[in-house]
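Me: Hi! I have a protein model open and I'm new to this. Can we go through it together?

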Amino acid sequence: MRQLGTIDLEVLDLAMKSGGSFNEVHLENSELKRHGVGKILDTLGTLKDKKFLILNTDGSFSITEVRSEEHTSELQSPC
């Protein structure tokens, strides 16, 4: 299993900053667009496969509750 990379964390951070869910408008207005469409789509697919994100019926993505708690605790824990 691939470890999380910088872009993975950037997507999860975007989800957290957007109240737990985001759509293409959030992506377009973020710094993630510098990675390009292909890389973003690959990352979204990977995070969905790993159960970090779910695809909503309206086409937006939401961070899963369990992963949201893990992500928040990882960001808050001292290194």
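Reply: Happy to! One term to start with: Ala, Val, Leu, Ile, Met, Phe, Trp, Tyr, Cys and Pro count as nonpolar, Asp, Glu, Lys and Arg as charged, and the others, Gly among them, as polar. Please also keep in mind that this is a predicted model.

Me: Okay, got it. Which elements make up the secondary structure of the chain, and in what order do they run?

Reply: There are four helices and three strands. Starting at the N terminus, the order is α-β-α-α-β-β-α.

Me: And how much of the chain is buried?

Reply: The chain has 79 residues, and 32% of them count as buried. Its accessible surface is about 5300 Å², with 54% of that belonging to carbon and sulfur atoms.

Me: What about contacts between residues that are at least 6 apart in sequence?

Reply: Of those contacts, 50% join residues at least 24 apart.

Me: Let's talk pockets. What's the volume of the largest pocket, and what lines it?

Reply: The volume is about 180 Å³. The lining consists of Asn23, Glu24, Leu27, Glu28, Lys33, Gly36, Val37, Ile40, Leu41, Leu44, Gly59 and Phe61.

Me: How does that lining divide into nonpolar, polar and charged?

Reply: Using the term we began with, six of the lining residues are nonpolar, three are polar and three are charged.

Me: Which helices supply at least two residues of the lining?

Reply: Helix H2 (24-28) and helix H3 (37-49) do. H3 gives the largest share, with four residues.

Me: New topic: the largest nonpolar core. How many residues does it have, and which have the most contacts inside it?

Reply: It has 15 residues, and those with the most contacts inside it are Val11, Phe22, Leu27, Leu32, Leu44 and Leu53. Helix H1 (6-17), H3 and strand S3 (61-63) are the elements giving two or more residues to this core. H1 provides the largest share, five residues. As a general point, nonpolar side chains in soluble globular proteins tend to be buried together.

Me: Can we zoom in on Leu32? What is it in contact with?

Reply: Setting aside neighbours within four places in sequence, Leu32 is in contact with Ile7, Glu10, Val11, Leu14, Leu27 and Ile40.

Me: Now Thr43. Buried or exposed?

Reply: Thr43 counts as buried because its relative accessibility is 3%, and the cut-off for buried is under 20%. Thr43 is part of helix H3. Apart from neighbours within four places in sequence, its contacts are Ile7, Asp8 and Val11.

Me: And Lys51, is that one buried or exposed?

Reply: Lys51 has 57% relative accessibility, so it counts as exposed; the cut-off there is over 50%. You'll find Lys51 in the loop between H3 and S2.

Me: What is its phi?

Reply: Lys51 has a positive phi of about 70 degrees, although it is not a glycine.

Me: Last one: Ile54. Where is it?

Reply: Ile54 sits in strand S2 (residues 53-55). Ile54 counts as partly exposed because its relative accessibility is 43%, and partly exposed lies in between the other two classes.

Me: What does Ile54 touch?

Reply: Not counting residues up to four places away in sequence, Ile54 touches Ser60, Phe61, Ser62 and Thr64.

Me: And how far apart are Ile54 and Ser21?

Reply: They are 33 residues apart in sequence, and their C-alpha atoms are 9.2 Å apart in space.

Note on methods:
Residues are numbered from 1 along each chain as its sequence is written. This is a predicted model: local features need pLDDT of at least 70, side-chain atom pairs count only at pLDDT 80 or more; totals for chains, interfaces and linings use all residues. Side-chain values use heavy atoms; hydrogens and water are left out. Buried means under 20% relative accessible area, exposed over 50%, partly exposed in between (1.4 Å probe, protein chains only). Contact means heavy atoms within 4.5 Å. Accessible areas come from the Shrake-Rupley method with a 1.4 Å probe; for residues, only the protein chains shown count as cover. On a 1 Å grid over the protein atoms alone, a cavity is a set of points where a 1.4 Å probe fits but cannot get out, and a pocket is an open set with protein on both sides within 12 Å along at least five of seven lines; lining residues have an atom within 4 Å of a point. Grid points are joined across faces, edges and corners, and a volume is the space filled by probe spheres set on the points. A nonpolar core is a set of buried Ala, Val, Leu, Ile, Met, Phe, Trp, Tyr and Cys residues joined through side-chain atoms within 4.5 Å.
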